[in-house]
Amino acid sequence: MTTQGFTVPDRWKWFTESRYGMFIHWGPYAQLARGEQVLFREHLDQQEYAAQAAAWNPQHFDPELWAATAKKAGFKYACFTTRHHDGYCMWDSAYTDYSSAKQAPQRDFVREYIDAFRKAGLRIGLYYSWIDWRLPAYFEGPEKNPEGWAKVRKYLHNQVKELLTNYGQIDHFFFDGVWPRNADDLGSVELVEEMRRLQPGILINNRLGYSSAHDEYRADGGIGAGDSDTLGDFGTPEHLIVVDRKRLWESCQVTTWRLWSHVTGERWRPADVLLDMLCECAEKGGEHGGNLLLNCGPTADGELPPEFVERALEIGRWLEVHGEAIYGSDGGAITEFITRGRQTTRDNNLYLIIRFWDGRPEIRLSDLSSKVTGVTLLTTGQKLQFEQKDGELFIQGLPREAPSRLFPVIRVECDGKPEANDWGRQRLWEGDPQRVADWARSQRGTSVFMDGVER
């Protein structure tokens, strides 16, 4: 398997086949219900926050229920926040007592999450923040506070190695929050080498900071994430779906309007908007598309919000029927289809994901050059009549009512890998503009008058 000009190793094929992961932002900040960054954004008293965090003791955290819900919702992997920017650790760390194991819960939440999700057959991801807002030396850095910085960096490295040593196979690792440090300060290149020694199959994201030895210019993503142009195995566009042409990529998105952890009064995006993100990720990115890492912020007491569960399970039911258009798909947009919906491909099949069902009995698909051997309304299993001539495919016999509350899908079966003609490969605002001139000249003439005839 190749993507964007590089070969995807066999050990990482699970990632491209999965397409859909669950992000879980959970920690003591959920008690305040104003976002995972509330400590900094509201400049709260550090001591008061720490006291509240130490007393936090969720009673309804049921990791097996979380895992069962994730499985039913169609997620193939998950990524859990082991430590966010507030510095509170969700596992039994040997390097601090500011953790769920040493404070009120007396529980290793990371272990419980890993055991339950692994048992359910999902791949395991861990999130870890470089930043710790409690530690002045992190922000002073090696120039202002060399001794303090050396201690902080050792602490960060030790914790990452601890997470990759004590919990079995870890498939996916998501760093975050490099600002204001860089890869050279953090020693992230050296740490990644050690991570690969401990976990040879691991996928590591690109939020490793700018490296003077590896990056030609600084690209920090504008939000302090610390994206590297060259380091890391996968890109992590946040709140955006943007192709990373250098490597694998996953778009991390919220199910709400903005914040990642549980927030009282947050607005929720509807299921069709969330599903469209997944379809767009699968469609984009060239031959093998991208992934969606969709977030959930559990409540302070450890429950998955009912609004999230409702939407996730609705998408899960859609995936039960239409999953072949997403899982293991190889990207899409073979032809111009934006007026109808999205496209993905898999083997010899082209999938038409209909965002806008207009109730007409026929769809015209232009510019598909591959010979079509069959057409199926995947949503119902109905075989559809079709006619193909002169670069046009007419699909007939469609029902007036949309057969799915979410997006109906039509599978177009071809005699080989789906291919397009020149018009299909070159889109609006792309390609050689001469083709547009030739088209206009051959069909209507050259003048501004209605008949195209010069006067």
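**Entry 1: the antiparallel sheet**

I began with strand S14 (residues 372-377) and strand S18 (residues 409-414), which run antiparallel and are joined by 5 bridges. Strands and helices here are DSSP runs numbered from the N terminus, E of at least two residues for strands and H or I of at least four for helices. Two strands count as paired if DSSP finds at least two bridges between them. Within this pair, I found Val375 opposite Val412 in S18.

I noted that the model is predicted, that local features need pLDDT of at least 70, and that side-chain atom pairs count only at pLDDT 80 or more, while totals for chains, interfaces and linings use all residues. Residues are numbered from 1 along each chain as its sequence is written, and side-chain values use heavy atoms, with hydrogens and water left out.

I then traced the whole sheet: it is open, has 5 strands in the order S11-S12-S18-S14-S15, and its pairing is antiparallel. Strand S11 (341-346) and strand S15 (382-383) stand at the edges with a single partner strand each, so one side of each lacks a neighbour in the sheet.

**Entry 2: the parallel sheet**

In which order do the 8 strands of the parallel sheet lie? I read S7-S6-S5-S4-S3-S10-S9-S8, and this sheet is also open. Its edges are strand S7 (203-204) and strand S8 (234-235); each has a single partner strand, so one side of each is left without a neighbour in the sheet.

I looked up strand S9 (residues 248-253) and strand S10 (residues 291-296), which pair in the parallel sense over 4 bridges. Cys252 has Leu293 in S10 as its bridge partner. Helix H5 (residues 109-119) packs on the sheet, touching strand S3 (20-24), strand S4 (77-83) and strand S5 (123-129). The direction of H5 makes about 155 degrees with that of S5; such angles run from 0 to 180 degrees between N-to-C directions of lines fitted to C-alpha atoms, for helices over the stretch in contact.

**Entry 3: strand S6**

S5 and S6 run parallel and are joined by 5 bridges, and S6 and S7 run parallel with 2 bridges. Phe173 of S6 stands opposite Leu126, and the bridge partner of Phe173 in S7 is Ile204.

Is strand S6 (residues 172-176) mostly covered or mostly uncovered? I found 5 of its 5 residues buried, where buried means under 20% relative accessible area, exposed over 50%, and partly exposed in between (1.4 Å probe, protein chains only). His172, Phe174 and Asp176 point one way, while Phe173 and Phe175 point the other way. In a regular strand the side chains alternate between the two faces of the sheet.

**Entry 4: helix H10 and the cores**

In H10, 11 of the 13 residues are buried, so the helix is largely enclosed by the rest of the structure. These buried residues pack against S3, S9, S10, helix H11 (306-322), S11 and S12, with contact meaning heavy atoms within 4.5 Å.

I next examined the largest nonpolar core, which has 90 residues. A nonpolar core is a set of buried Ala, Val, Leu, Ile, Met, Phe, Trp, Tyr and Cys residues joined through side-chain atoms within 4.5 Å. Met22, Trp26, Phe75, Phe117, Phe173, Phe175 and Trp318 touch the most other members. Helix H10 (residues 271-283) supplies the largest share of this core, 8 residues. Another core lies apart from it, with 20 residues, including Ile334 and Leu368.
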